[in-house]
Amino acid sequence: MIKKFIDRLLGKSPAAPARRASPFGKREDVPVSVHGIDLKLVDQRALDVVHTLKQAGFDAYIVGGAVRDLLLGLRPKDFDVATSATPEQVKGLFRRAFIIGRRFRIVHVIYGRGREHEMIEVSTFRAYLDSADAEQVAGNERTSKGELAGMKHAVDASGRVLRDNVWGPIEHDAARRDFSINAMYYDPESQTVVDFHHGIRDAKKKTLRMIGDAATRYREDPVRIIRAVRFAAKLSGLGFTFDAKTLEPLASSRKLLLDVPQSRLFDEMLKLLQTGHALASVAQLKAVGLDTGIYPLLDVVVQRADDDFVKLALQDTDRRVGEGKPVAPSFLLACVLWADVRKGWSQRLNARPGQRPPPPFAALQDAVDEAFDARIGDVSGRGKLGADMREIWMMQPRFDKRVGTSPFSLVDQARFRAGFDFLRLRAQVGEVEEELAHWWETFSMASDDMREDMVDAQRRDNLAKPGAGKARRVKRSDDDHPANAEANTLAPDPRFRVADAGADERDDEEAGESDDGAEMTAPTDGSAPAKKRRRRRRKPGGAPTGGEPGPV
């Protein structure tokens, strides 16, 4: 007030207030002659969703990364749609549509069934609201769950958005999005791109630029830090780089991730590693100074990314995604943590002097439990993902056993392929013999007769090795069985016992049989002494006769 009075006395005119740039940008409707998007690259199901919504009187556009990829001449893997219809209105227009989410309510429109199904994600235009105007809660998603139930726009004490379900016009929705290249809207019917924040310009310049103040946007949703790395990794091969103002606060905002639920960070970590750019994501994390501090298990991945075994696993994951094949997080994480499991297993098998080592499988199980407690904790480690990882690990010593019925039962297991792929990577780094992986690959694709021949050949090889033990029993199907020999008029071969012919069809090594006594059988010609005939019985529970091999 005093300054204004003095300025008035001196005849100074008041300074004009600085014009503040609109957060909504300026709408540009870009025709196909400028953007050049090929309509043939658009998924028919996305076209169907847009058409259905527009027929019902709503605005609808393909939005986000799909528009960015179309501009770059790429065929998008996923299509998202943004509309003026509310989630309930969207759900009412499609036969198979489901509303999901609490923080952001969206609709999944499903086409097809089973593994072949496709999903189009539909979101409602959201209003641009100042966080200062939002309702504030002292806790987080869990501690304030009841309080958040009736709120549409809420933040926590740090400014992180916990609820954002207030609908608005398209220009508000564009201002809410993170990067300019993800804030473009494509109408496939008019073939027009609606651009508010120079997304087309940034796409041509190959620049990743955050809409608005980057530090504020990271604070609103710290997961944007991880998303920024993921986008940079995905687009680095095309030459995209960060805008300076977007990059500057990236690493220093890392502490904001401490308030994000661990389950959400776990999901974001999997997106980093399973979108076909795992190696590039690790390189990007190192480049921007985020190689530690995002999520403990991700720190382990980055730390071990240069190890031959883990690097092969990351490359294999990228290759499968690029070929359109499914990938499982259990396999990649099993590869990352194998060093912990193998070390713990070896330590347990090396018993102290005077002590007997534990059974190999029990030692392996203990090592697996220890690795889970140290690295996974309670996040997804006790569910299906954890069960699949355990099965992959517990399968490894079983690959060493290639005789009896064990190979036949192992190859029929649901997770055999994952376990074999794990073995194949171990062979590539020299942890096991290449011949072992080749044998199992051949066995898995062979016919039943060929599998029998492979097991028989392996048994003969085992017997030919020094210290192989007593000679094998000859089965009726073997070429050297006396019943099949040309000189079958010779004296009966002592290895063939007619009285126990039924047992010839069983494999001693797998049957788990033991001597349970003997009975005397009378000689058939009166000249030979009575022979002992052993009765055989299977051990209870089908327990194996020998211990499983230890780690290799």
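## Helix H15

Helix H15 spans residues 308-322 and holds 15 residues. From its first C-alpha to its last, H15 reaches 21 Å, close to the 21 Å expected at 1.5 Å a residue. That expected span is 1.5 Å times one less than the number of residues. Helices here are DSSP runs of H or I with at least four residues, strands are E runs of at least two, and both are numbered from the N terminus.

This is a predicted model: local features need pLDDT of at least 70, side-chain atom pairs count only at pLDDT 80 or more, and totals for chains, interfaces and linings use all residues. Residues are numbered from 1 along each chain as its sequence is written, and side-chain values use heavy atoms, with hydrogens and water left out.

## What H15 buries

The buried residues of H15 are Phe309, Val310, Leu312, Ala313, Leu314, Asp316, Thr317, Asp318 and Val321. Buried means under 20% relative accessible area, exposed means over 50%, and partly exposed lies in between (1.4 Å probe, protein chains only). The cover over these residues includes H12, H13 (278-287), H14, H16 (329-349) and H20 (416-428). Just after H15, Gly324 takes a positive phi of about 75°.

## H12 against H14

Two packed helices are described by the angle between their axes and the distance between the axes. Helix H12 (residues 262-274) packs on helix H14 (residues 296-304) at an angle of about 25°, with the axes 9 Å apart. Axes are lines fitted to C-alpha atoms, for helices over the stretch in contact, and angles run from 0 to 180 degrees between N-to-C directions. H12 and H14 are therefore roughly parallel.

H12 contributes Phe266, Met269, Leu272 and Leu273 to the contact, and H14 contributes Leu297, Leu298 and Val301. Contact means heavy atoms within 4.5 Å. By class, the contact has 7 nonpolar, no polar and no charged residues. Ala, Val, Leu, Ile, Met, Phe, Trp, Tyr, Cys and Pro count as nonpolar, Asp, Glu, Lys and Arg as charged, and the others, Gly among them, as polar.

## Two nonpolar cores

The largest nonpolar core has 70 residues. Met269, Leu298, Trp393 and Phe422 have the most contacts inside it. H16 gives the most to this core, with 11 residues. A core is a set of buried Ala, Val, Leu, Ile, Met, Phe, Trp, Tyr and Cys residues joined through side-chain atoms within 4.5 Å.

Leaving aside neighbours within four places in sequence, Met269 is in contact with Tyr295, Leu297, Leu298 and Leu333. A second, separate core has 29 residues, including Leu53, Ala85, Val90 and Tyr186.

## Loop residues

Most residues other than glycine have a negative phi. Gln191 is not a glycine, yet has a positive phi of about 55°. Gln191 sits in the loop between strands E10 (184-187) and E11 (192-195). Its relative accessibility is 25%, so Gln191 counts as partly exposed. Lys206 also has a positive phi, near 55°. The loop holding Lys206 lies between helix H8 (199-205) and strand E12 (207-208). Lys206 is partly exposed, at 36% relative accessible area.

Gly404 lies in the loop between helices H18 (384-395) and H19 (406-411). Gly404 is buried, with a relative accessible area of 6%. Gly404 and Asp456 are 52 residues apart in sequence and 8.6 Å apart in space, C-alpha to C-alpha.

## The whole chain

The protein chain has 23 helices and 15 strands. Of its 552 residues, 42% are buried.

Conventions:
Parallel < 35°, antiparallel > 145°, perpendicular 65-115°, else oblique.
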